[in-house]
Amino acid sequence: MLIIGARGTGKTTLLESAISDLTEEHKGEFLTVRLNGFFQTDDKIALREIWRQLGVEMELDERDQPKTTNFADTLSSILAILSHPDELRAPDGEGEELAEEDPSSTTTTLSVIFILEEFDLFATHPRQTLLYNLFDIAQSRKAPIAAIGTTTRIDVVESLEKRVKSRFSHRTVHLKNPPTLKGFWEICKGGLSVDMDEVDAEINGSSDEDRRCFEAWNTHIENLYKSDKQFQRHLRRIYAQNKDPKSFFNSCILPLSDSVTSFPMGPSFSLSANQLDEPDSILSILDGLTDLELTLLIAAARLDIISDTDTCNFQMAYSEYTALTSPLKVASSAAGVTAGRLWSKEVALGAWERLAEYELLVPAVIGGGSGGGVSREGRMWRVEVGLAEIGKCLEMGRAGIGRAGLGKWCKEV
Amino acid sequence: MTDEMLPTELLTTMNEQFPCRAPQIRRLAALVGTDETPSPPAIVLHGLEATGKTTILRTFMDSVNASYTAGVTENVGGGDAGRAGDVCALGVRLSGVLSGVERKHFLVLDRVDRTREGSSVLFAALGRLGEMIPILTVIFILSVPKPRLLSSAEPPHIHFAPYTKEESIKILSKYVRRIPFQDIEEYTQKDAKEELYVWQKFCGTVWDSLAKGTARGVVQFRAIVDEMWEPFVKPIAEGEYGTRNYSSLYLLHKDMFRRETNVIDVVVPVGAGEKAVTKIHDLPYYSKFLLCAAYLASYNPARQDAVFFMKNNDFGRKKRRGGTTGSTKRTAKNRKIHRRLLGPQAFPLERLQAIFAAILPHRMSSSADIQTQIATLTSLRLLTKASATDVLEAGAKWRVNAGWDYIRHVARSVKFDIEDFVAE
């Protein structure tokens, strides 16, 4: 079966808690193999990993590892081992036969749960051999296995090959983000507040003082949600932006670590700005660019609009830069300011290449490398940011102090 | 619980050692914490170069005695770490090593974004290592933040903001350089104060005039200041100027702040042999003409060839003669891009030969082997093949790989007025 849901909706958490419940109920009756599409990037590695994880759990010897023959043989020999540890070297046909016996009659039979995280990446493997075999075995009841995939891609079933798709059970569970702000808060509150039952269970001799402490904390959290305007706005912003409880918890790390010392007093944390936030876009580095780099970037972005192409090279950007700066230079030299200084071509080329290093410029020639044999100055680049975006940044003062003057270049074309 | 918190003295000393980085250090302290407090599976530190990411992290880790492994993946990238398959093995090995360890472990990956073979899957896998092994925290150090690099839900980021002018000067004030007085007497407290005064003023001037425009990084800024300091304070050292009349000293050195020589060494990266190309090859006579012809073929539109190169039609040359060659700017709506800025265009070999025949001032001597010379020019990389087809194919296209300055120099050496033939 498949579990589909956006990041941070708790797919893995759900799966893990289900498995840990199962472990409590049926201890020793099943094995779990965890695979992740990020780690096991092709079927061979995945198979080796399956073998390793099973080997660890069943304490098999290294020498039992089958010689690398073809894929299906290896997998079925793995499963043959699972079904009948007594007859390790059973030939394939026999293994199948034996597996068809009533599993309850042989006490040694173990079930295996395969967890495939980032399921969509497994579907990109050539010929989807692993998936095919897993589904095939699961469907034909050769061995008691279950394959569970988690993914963020809603159309993942479409990417399966026909033969794989027909063996897939088409059982999917969709996990969604909380549909309301209240539901979102319930999740966040669950993470923040102290679970009283758990406290009782874990700390045996929890003193009254401790209990009072935790209760005070919980009411404090509740109060924050009910009455603190700032807190509410913060919560609503995260809810509107990504509905991800994780980013809420991230924003809580700093205030919490600060407030620990004043814990019994009823901590007060204001979530003014989320300091551990992921930056919104690459525009956030404009602040750190030098004046020359910024001007060159503006010049290049202007070219996009002026000459109606989406690529440009250093020569073009530099001539635009000169055109922009020269009138300013006359004005500023009269005033004795060195603001709009016209830098020479070498310095500008250095700045230009730095922009490329920051990936504000990306090479337009595919398979650039040598840039098609063209010199540094003639190489074609595409500007990653739009002129309007830069202008907006400058206006809001996010691109450094005293740079607002550059903003007019972003508007007048 | 107070005992488990990081000692405040540690933060104070760190803040003294690294001025202007207090919020970053505090955040780091909160995230890394002590062995008792949990850490997130992945942390991202990002900030442009020379903002102290690596240094601060290292010092911090050392001072809190955290166990960490640092790997600079910038250079390793091509090797084992580059293959995501090995990430799997890495994870297995790490979890094996760390299984018996009680303490938290940190895996520091410096400048991961400069990995040569970095794919998004690799980064995602590295990011997930921390989730796979509970006591491991992976710390990424990036210069440019990429949204969704780890394609996992929101790891905490710490931003190392670029230093402002005041902050940069404050940092540089930690390394005040002496004024090399000629009459060395006792070095007093007063002298140090005077030096600091001049130093800070000087740093401010350098920042305004040079560094702000080109070299924001503290390291680059410092290199420029270092280079300019000695000549700047020479008059003070020689006793011509006092330490307090800074403005007159500035006027004396005004030129120094206008020049770019100090900046160029610092800012401009040393290109791979790029400088060497600008020196003029000592080419044979015909090769020089060939090169000029190639340049004209690359930068002139083909349909104007008749105007420029027909012998009986002098119209083009006359019109061009005396015209300016400097790039003229027109600010029309949706203006056309100057051809020279667009880079060289490809041309077929026949066109090169035709132009070559047209611009030769006299008949070609029969012994000159033009094809060989073209081959030589190609092997010098002054001419490059522009199409993927075979060299001998009729449709093969070529383009010139030399700049205007170089070509002009070549043309002058054979007394050829190339300016007359370049289309504006």
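Let me begin with helix α1 of chain A, residues 11-25, which lies across β1, β2, β3 (111-117), β4 and β5 of chain A and runs at about 165° to β2(A). Helices (H or I, at least four residues) and strands (E, at least two) are DSSP runs, numbered from the N terminus. Contact, here and below, means heavy atoms within 4.5 Å. Axes are lines fitted to C-alpha atoms, for helices over the stretch in contact, and angles run from 0 to 180 degrees between N-to-C directions.

The model is a predicted one: local features need pLDDT of at least 70, side-chain atom pairs count only at pLDDT 80 or more, and totals for chains, interfaces and linings use all residues. Residues are numbered from 1 along each chain as its sequence is written, chains are lettered from A and ligands numbered from 1 in the order in which they are written, and side-chain values use heavy atoms, with hydrogens and water left out.

In chain A, 5 strands form an open sheet with parallel pairing, in the order β2-β3-β4-β1-β5. Two strands count as paired if DSSP finds at least two bridges between them. At the edges are β2 (30-36) and β5 (172-175) of chain A, each of which pairs on one side only. From one strand to the next, the twist averages 15°. Within this sheet, β1 (residues 2-5) and β4 (residues 145-151) of chain A pair in the parallel sense over 3 bridges, and A:Ile3 has A:Thr150 as its bridge partner in β4(A).

What joins A:Arg34 and A:Glu16? Their side chains meet in a salt bridge, at 2.9 Å from N to O. A salt bridge here is a side-chain nitrogen of Lys or Arg within 4 Å of a carboxyl oxygen of Asp or Glu. A:Arg34 belongs to strand β2 of chain A and A:Glu16 to helix α1 of chain A, so the pair ties together parts that are 18 residues apart in sequence. Over all chains, the count comes to 8 salt bridges.

Strand β6 (residues 312-313) of chain A is joined to β8 (residues 380-383) of chain A by 2 bridges, with A:Cys312 opposite A:Trp381. Strand β7 (residues 361-363) of chain A is joined to β8(A) by 3 bridges; A:Leu361 has A:Val383 as its bridge partner, and A:Pro363 has A:Trp381.

Finally, chain B. Its domain assignment, which is automatic or from a database, gives domain 1 (8-160), domain 2 (165-267) and domain 3 (285-317 + 342-421). Between domain 1 and domain 2 of chain B the count is 0 salt bridges.
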